[in-house]
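Please keep the sequence and the structure at hand while reading.

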Amino acid sequence: GLFRTLIAGLPFSVKPGPSGNIDEAFNIETLIRRAASKSKLDVAANDCFDDLCTYGTMFMKVYHSIKVARRSLRQPIYAPMGMADMQRIRATGQPPQPVGYQTMPATPQVIYKGVACEYISIWDMFFGNNAKSLKDPHAQRYKMSLQEVIDGVQQGWAFPDAVDKLRNVVEPASPPPDLQVQMAEREPAAVATPSQVNEREHTCYEWWGVLPKRLVYLRLDDQHLIDNPEELVPVKALFANESLVAVDPNEDRQADSPFLTTGYLHVPGSIYHIGVAEMMEQIQDGINEDTNQRKDNVQLILNRMGVILEKAIVSRADLVS
């Protein structure tokens, strides 16, 4: 119901303000609808509402994404052109037509550039003690392949020694301890599939908080930025159990992380709220107690029994089955 009311069909509307006009409002609304559709907002929101109703709290990650993948391109092949051909092109304004195409080797290509929305499971978000909001330090757990770390080194945001430390690490196929009970109820397969070294996935944590400058500007090119080593600055850190992958300053103007959260029934001063299941817990306990009492009463009625004290027997001949 929440999904159909709030998200299905992307029911967004933009109205012009006192200094605006209808055309500007329509153009902004069109851009918002396109960005929401490309970012898969509806898919992420549907999963978030499931957590919202079950646990009372949901998390969504909204950020600007640039996805790069290796793709093969078809390059056009043109016939040799003489002076007459060049004059004809200038006169007609028609570009030359290719005589064929040649497939080029796969090279990194930007396949998406825009807003991305991701559903974050409540089991993959971690907070410190007494956390009240996303302003407090928090971390997201997810999987990252070794190839992604290698690409990060080439792009300049990952530390080179992280590749060496993660190259020979093979994580077990079983889920983490905090997810074992949940995964056992779903009965998924926990068999490690064969994989190459670069496609092995490693459990990483993306942490958002504050750190002293001496722990932030670790690269040689950033050493001049350490004017006060103990001064705290907002940062984003990425690390695995075996290695620190990256540390960078938080570039958001308000020092916010890309996560959004809300609750079904708000609990003041808490990051976690009350969901439908918790609201029905006491009612369910009462129903279970009444049901058990009824079952016990039926068993007593159907299986009546009597007791005779041996010391009260006068004559055993008086006993009748």
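Over the ring of which residue does the charged end of lysine 61 sit? The ring is that of tyrosine 63, and the charged end of lysine 61 lies 5.4 Å from its centre. The model is a predicted one, and the points below are grouped by topic.

**Overall form**

- The protein contains 9 helices and 10 strands, and its radius of gyration is 32 Å, well over the 20 Å that the globule rule gives for 321 residues, so the protein is more spread out than a compact globule.
- Along the principal axes, the C-alpha trace of the protein spans about 135 × 50 × 50 Å.
- Of the 321 residues in the protein, 25% are buried.

**Aromatic pairs**

- A search of the whole structure gives 5 aromatic pairs, and one of them joins tyrosine 55 and tryptophan 123, whose ring centres are 6.1 Å apart and whose planes stand at 85°. Because an angle over 60 degrees counts as edge-to-face, this pair is assigned to that class.
- The pair links distant parts of the chain, with tyrosine 55 in helix H3 (residues 41-55) and tryptophan 123 in the loop between strand S4 (107-120) and strand S5 (125-127), 68 residues apart.
- Both partners are partly exposed, tyrosine 55 having a relative accessible area of 32% and tryptophan 123 one of 30%.
- Elsewhere, Phe59, Phe127 and Tyr272 are joined into a cluster by ring pairs.

**A further charge over a ring**

- The charged end of arginine 74 sits over the ring of tyrosine 101, at 4.6 Å from the centre of that ring.

**The largest pocket**

- The largest pocket has a volume of about 1500 Å³, and of the 35 residues that line this pocket, Tyr63, His64, Ile66, Trp157 and Lys236 are the closest to its centre.
- Several elements give two or more residues to the lining, among them strand S1 (57-71), strand S6 (138-145), helix H5 (146-155), strand S7 (201-212) and strand S8 (232-240).
- S1 supplies the largest share of the lining of the largest pocket, namely 9 residues.
- By residue class, the lining of the largest pocket divides into 16 nonpolar, 6 polar and 13 charged residues.

Terms used
Residues numbered from 1 in each chain as written. Predicted model: local features only at pLDDT ≥ 70, side-chain atom pairs only at ≥ 80, totals over all residues. Heavy atoms only, no water. Phe/Tyr/Trp six-rings, centres within 6.5 Å; stacked < 30°, edge-to-face > 60°. Helix = DSSP H or I, 4+ residues; strand = E, 2+ residues; numbered from the N terminus. Buried < 20%, exposed > 50% of the residue type's maximum accessible area, 1.4 Å probe, protein only. Lys NZ or Arg CZ within 6 Å of the ring centre and 35° of its normal. 1 Å grid on protein atoms, 1.4 Å probe; cavity = no way out; pocket = protein on both sides within 12 Å on 5 of 7 lines; lining within 4 Å. Points joined across faces, edges and corners; volume = space filled by probe spheres on them. Nonpolar A, V, L, I, M, F, W, Y, C, P; charged D, E, K, R; others polar. Rg over C-alpha atoms; globule rule 2.2 N^0.38 Å.
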